[in-house]
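Trainee: I would like to take one part of this predicted model and look at it closely, with the cut-offs behind each term made plain.

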Amino acid sequence: MESWKFLHQRIIDLFKDSPPGFFIEAGALDGQYLSNTLHLEKEYGWTGLLVEPNPSSYNELLKKNRRCYSSNTCLAVTPYPKEMVLEMMDTREQAATSQAMWVIRGGSFLQEGAGRAQMYQANTHLRTYAVAQCFPFITYWKALNLTKVDLFSLDVEGAEQQILSTIPWDSMDIKTLILEHYGSSSEMDKDFVESIETKGYSLYDYNVDKDFIGDYIFVKKELT
């Protein structure tokens, strides 16, 4: 997919000459397809945390033998732990390719974070439900006793702004952000970019596709 190619090349540009770091990837799917962190782990010796609430996807993730922590939970849209309904997308019939299957499964979303794009997916594909245990970002941070995160990748199908609003940015050292964001046009979402810049980040690059889904990369201002 073009969006993944864009992100993959930017990740190489940013980190190819850096020492091994620590990542958190939320919306990790099966730990391989369209992963923003697998290359960092395999080629550059990184480790980190993979967060994936869909039980079917998470079971496949465990088979990949990733050298990092993993959690079958989700990031909360509230500043406290909460059980939330996860709407899981799958194929109605046999998908033409495994890629098509994972593209559809990757559209699973939290009901409380759903927008128009997510509801369209829900009405198009096979939909099942699960109750997902969700935790604020800081819960994972404290559980792993982290002092810094070199890359935080957030791909959560519409819930990104609610999740980001729960993070205590002033007390956390997060170097680089990769954020998938659903906008309303094929142009850069200036309001979204400005909301992240106020947290101490500079926009490094972005790409918006024909469905108005944007991939935004931000770097902490002190590093630019």
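Which residue does a disulfide join to Cys 74, and what is the S to S distance?

Mentor: Two conventions come before the reading. The model is predicted, so local features need pLDDT of at least 70 and side-chain atom pairs count only at pLDDT 80 or more, whereas totals for chains, interfaces and linings use all residues. Residues are numbered from 1 along each chain as its sequence is written, and side-chain values use heavy atoms, with hydrogens and water left out.

The partner of Cys 74 is Cys 134, at an S to S distance of 1.9 Å, where a disulfide is a pair of cysteine sulfur atoms within 2.5 Å. By that rule the count comes to one disulfide, and the angle of -50 degrees about its S-S bond makes the link of Cys 74 and Cys 134 left-handed. Because Cys 74 belongs to strand β4 (residues 74-75) and Cys 134 to strand β7 (residues 126-135), the pair ties together parts that lie 60 residues apart in sequence; helices (H or I, at least four residues) and strands (E, at least two) are DSSP runs, numbered from the N terminus.

Cys 68, by contrast, is in no disulfide, and its nearest cysteine sulfur, that of Cys 74, is 18 Å away.

Burial can also be followed along helix α3 (residues 55-62), whose buried residues are Ser 57, Tyr 58 and Leu 61. They sit on the same side of α3 because they cover an arc of only 100 degrees around its axis, the arc being that of the directions from the helix axis to the C-beta atoms. As a general rule, an α-helix has 3.6 residues a turn, so residues three or four places apart point the same way.

Two loop residues give a contrast in accessibility. Lys 16, in the loop between α1 (2-15) and β1, is partly exposed, with a relative accessible area of 46%. Leu 34, in the loop between β1 (22-26) and α2 (38-44), likewise counts as partly exposed, at 30% relative accessibility.

Key: Buried means under 20% relative accessible area, exposed over 50%, partly exposed in between (1.4 Å probe, protein chains only).
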